[in-house]
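Please keep the model open while you read these notes. Check each point against it as you go.

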Amino acid sequence: MMNKYQQKLKDVLVFGNAFDNAKYIGRTAYIRLGNGMKVKAELVRVNTFKKFEGVKLTVLNNNYVVDSVTFRFDDYFELQEKYDGTKELPHIYIDKDGVCWNSYPDVDDLKKLTRAIDDYVSLFSRRIRALVRYMRMFE
């Protein structure tokens, strides 16, 4: 069973191809690329203590960092209108009841984010590169 952090991370990665077979451990997700390489994904706080505002990917080769990048939600998500008419950027927040989306991002916005994540992972994996190319034929 996934913990609340794993589930929110999966929410972010759900439309991508790279993390289809991810292993969720603690608050992170891992995929193996082969030849001792793997990618670690984790939610990150950028400017605040209680808000996750992006996802960080780290490429590891035999547990040494090869590269790392943070995909910030504000680069991919549009403002969402709240029930009171105000607009807010979707993000994941921590409160006394758990970990929640303040407003769930639009599906197209999530697809933009996961497409960028797939492109990044494909730089390090032929298998992912081929899978991404194949899936984009049907878009």
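1. Confidence. This is a predicted model. The mean pLDDT of the protein is 90, and 94% of the residues score at least 70. Strand β1 (residues 23-25) has the highest confidence, at 97. Helix α3 (residues 126-136) has the lowest, at a mean of 68. Read α3 with that value in mind.

2. Helix α1. Look at residues 4-13. Of these 10 residues, 7 are buried, so the helix is largely enclosed by the rest of the structure. The buried ones are Y5, Q6, K8, L9, D11, V12 and L13.

3. Two helices crossing. Helix α2 spans residues 107-122. Its axis and that of α1 come within 8 Å and cross at roughly 90°. The two helices are therefore roughly perpendicular to each other. On the α1 side, D11, V12 and L13 make the contact. On the α2 side, L110, L113, T114 and I117 meet them. By class, this contact has 5 nonpolar, 1 polar and 1 charged residues.

4. A loop residue. E53 lies between β4 (51-52) and β5 (54-61). Is E53 buried or exposed? Its relative accessibility is 13%, so E53 counts as buried. Leaving out residues up to four places away in sequence, E53 touches several others, including V44, R45, F71 and F73. The E53 side chain also reaches the backbone nitrogen of V46, at 2.9 Å. L43 is 10 residues away along the chain, and the C-alpha atoms of E53 and L43 are 7.5 Å apart.

How values were computed:
Residues are numbered from 1 along each chain as its sequence is written. This is a predicted model: local features need pLDDT of at least 70, side-chain atom pairs count only at pLDDT 80 or more; totals for chains, interfaces and linings use all residues. Side-chain values use heavy atoms; hydrogens and water are left out. pLDDT is the predictor's confidence in each residue, from 0 to 100. Helices (H or I, at least four residues) and strands (E, at least two) are DSSP runs, numbered from the N terminus. Buried means under 20% relative accessible area, exposed over 50%, partly exposed in between (1.4 Å probe, protein chains only). Axes are lines fitted to C-alpha atoms, for helices over the stretch in contact, and angles run from 0 to 180 degrees between N-to-C directions. Angles under 35 degrees count as roughly parallel, over 145 as roughly antiparallel, 65 to 115 as roughly perpendicular and the rest as oblique. Contact means heavy atoms within 4.5 Å. Ala, Val, Leu, Ile, Met, Phe, Trp, Tyr, Cys and Pro count as nonpolar, Asp, Glu, Lys and Arg as charged, and the others, Gly among them, as polar. A polar contact is a pair of N or O atoms within 3.5 Å; within protein, one must be able to donate a hydrogen and the other to accept it, and residues adjacent in sequence count only if both atoms are side-chain atoms.
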